[in-house]
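Hi,

Here is the structure I promised to pass on.

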Amino acid sequence: MSRETALVTADWVEENLNDPKVVLVEVDEDAEAYDKGHIPGAIKLDWKKDLQDGVRHDFVTKEKLEALLSAKGVGNDDTVVFYGGNNNWFAAYAYWYLKYYGHDNLRLLDGGRKKWELDSRELTTDVVDRAATTYTAKDADTSIRAFRDEVIESIGVKNLIDVRSPDEYAGRLLAPAHLPQEQAQIGGHIPTAGNVPWSKAANDDGTFRSDEELKALYADAGLDDAKDTIAYCRIGERSSHTWFVLKEILGHDNVKNYDGSWTEYGALRAVPVALGDEPGAA
Amino acid sequence: MCGAVKGGPSLEGVDVANEAVIQGVVTRDGQPVGNAYVRLLDRTGEFTAEVPTSATGQFRFFAGPGEWTLRTLAPKAVSVDNPVTAATGVVAEVAVAV
């Protein structure tokens with residue numbers, strides 16, 4: 001994977017707005033953002049209503065995803081281009097999610113909704129209706145998703161990257177600062193995890209930094225190329241952004257996203273936790 | 001919409017006593033800017049969070065006690081930095097002009 005196979009520019013999207021084989025999909029933390037205006041032709045996926053099981057704390061099943069994408073008019077051979085707010089956090093999450101279920105042709109719009117808006121490009125409230133398809137998902141690819149037992153076994157063994165803000169990493173905040181701070185879990189991070197805030201991988205306008213800057217960022221943070229890597233944040237969406245950088249832009253082999261992240265880990269009984277700005281010992 | 005509302009969004013339902021709220025409104029020539037992005041930087045300048053403004057130009061953060069900087073990006077404007085101090089139980093109101 002590389003920047004060329006994983007990202008498209010806003011100009012590319014404008015040039016391909018009328019290509020029926022290119023499906024633009026907006027995914028936002030604020031699910032109402034799409035309804036206030038979206039890129040022409042884009043459909044919406046709601047990361048919570050559409051992509052979470054709703055009963056179990058997990059993704060929807062393969063069968064449910066197939067029904068969803070079929071109804072939304074997404075074909076197996078379509079190029080799916082995700083974009084969204086929050087610097088593509090949830091768009092990166094949806095990209096990772098569809099990768100998990102085996103979709104081949106996926107892209108992120110570099111800069112997402114923010115760059116599109118800051119460029120004053122066209123947004124519309126037109127209703128988008130794509131003809132239904134018969135979508136077939138693949139079996140889940142667990143090589144890109146980490147669960148808690150693997151994470152605990154990885155302490156001091158694999159690269160663990162906590163991509164939350166420094167104050168969340170240290171335990172001074174429990175959630176990103178646009179959300180209320182009362183939470184069920186305790187503060188802190190997984191011992192030995194380095195802190196490389198996801199935001200360091202993005203420019204102010206939400207686009208990804210250059211390959212050279214990204215390589216230097218993770219090298220400086222002590223990421224050992226010889227080891228497998230697990231990224232986590234609070235609920236797995238910001239770490240999807242970092243997973244995307246490491247796996248899809250820089251082409252690292254073994255990178256997993258731990259979507260249970262701190263809301264799960266910080267609520268587990270009797271697991272090691274480190275407080276403060278240092279990674280801590282295994 | 002005629003002119004900007006004063007201050008950040010309504011605090012109804014917000015646990016103000018236990019939060020260090022930073023909020024306000026973004027305006028240009030006295031008019032609210034509904035498509036701006038406000039980011040919260042910590043005392044070292046590191047990104048902590050970002051929100052788009054509402055249709056009425058308003059935004060809110062739940063920070064921790066301490067020194068913060070708001071950096072506001074809006075279409076056709078240079079980014080603007082506003083320093084702000086947050087404290088638990090206090091609502092820090094910031095008026096941002098772009």
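Chain A has 11 helices and 9 strands (DSSP runs numbered from the N terminus, H or I of at least four residues for helices and E of at least two for strands). Its radius of gyration is 18 Å, close to the 19 Å that the globule rule gives for 282 residues, so chain A is as compact as a globular protein of that length. For that check, the radius is taken over C-alpha atoms, and the rule is 2.2 Å times the number of residues to the power 0.38. The C-alpha trace of chain A spans about 55 × 40 × 35 Å along its principal axes.

Before the rest, two bits of housekeeping. This is a predicted model, so local features need pLDDT of at least 70 and side-chain atom pairs count only at pLDDT 80 or more, while totals for chains, interfaces and linings use all residues. Residues are numbered from 1 along each chain as its sequence is written, and chains are lettered from A and ligands numbered from 1 in the order in which they are written.

Of the 282 residues in chain A, 45% are buried (20 or more other C-beta atoms within 10 Å of a residue's own, with C-beta atoms placed from the backbone; 12 or fewer is exposed, and in between is partly exposed). Take the chain A contacts between residues at least 6 apart in sequence: 77% of them join residues at least 24 apart. A contact here puts the two C-beta atoms, placed from the backbone, within 7 Å.

Now the chain A sheet. Four strands make an open sheet in the order S7-S6-S8-S9, paired in parallel (a pair needs at least two DSSP bridges). Its edges are S7 (194-195) and S9 (255-257) of chain A, each pairing on one side only. S8 (229-232) of chain A runs parallel to S9(A) over 3 bridges, and Ile230(A) has Lys256(A) in S9(A) as its bridge partner. Helix H10 (238-249) of chain A packs on this sheet, touching S6 (159-162), S8 and S9 of chain A, and its direction makes about 165 degrees with that of S9(A). Angles run from 0 to 180 degrees between N-to-C directions, with axes fitted to C-alpha atoms, for helices over the stretch in contact.

H10(A) is largely enclosed by the rest of the structure, because 12 of its 12 residues are buried; Trp243(A) and Phe244(A) are among them. Its length checks out too: at 1.5 Å a residue it should span 16 Å, and its end C-alpha atoms are 16 Å apart (the expected span is 1.5 Å times one less than the number of residues). Just after H10(A), Gly251(A) takes a positive phi of about 75 degrees.

H5 (85-100) of chain A is mostly covered, with 16 of its 16 residues buried.

Over in chain B, an antiparallel open sheet has 4 strands in the order S4-S3-S6-S7. S4 and S7 (80-86) of chain B are the edges, and the twist averages 25 degrees from one strand to the next. S6 (66-73) of chain B pairs with S7(B) over 7 bridges, where Thr69(B) stands opposite Pro83(B).

As for the interface, 22 residues of chain B contact 21 residues of chain A. On the chain B side, S4(B) gives the largest share, 6 residues.

Cheers
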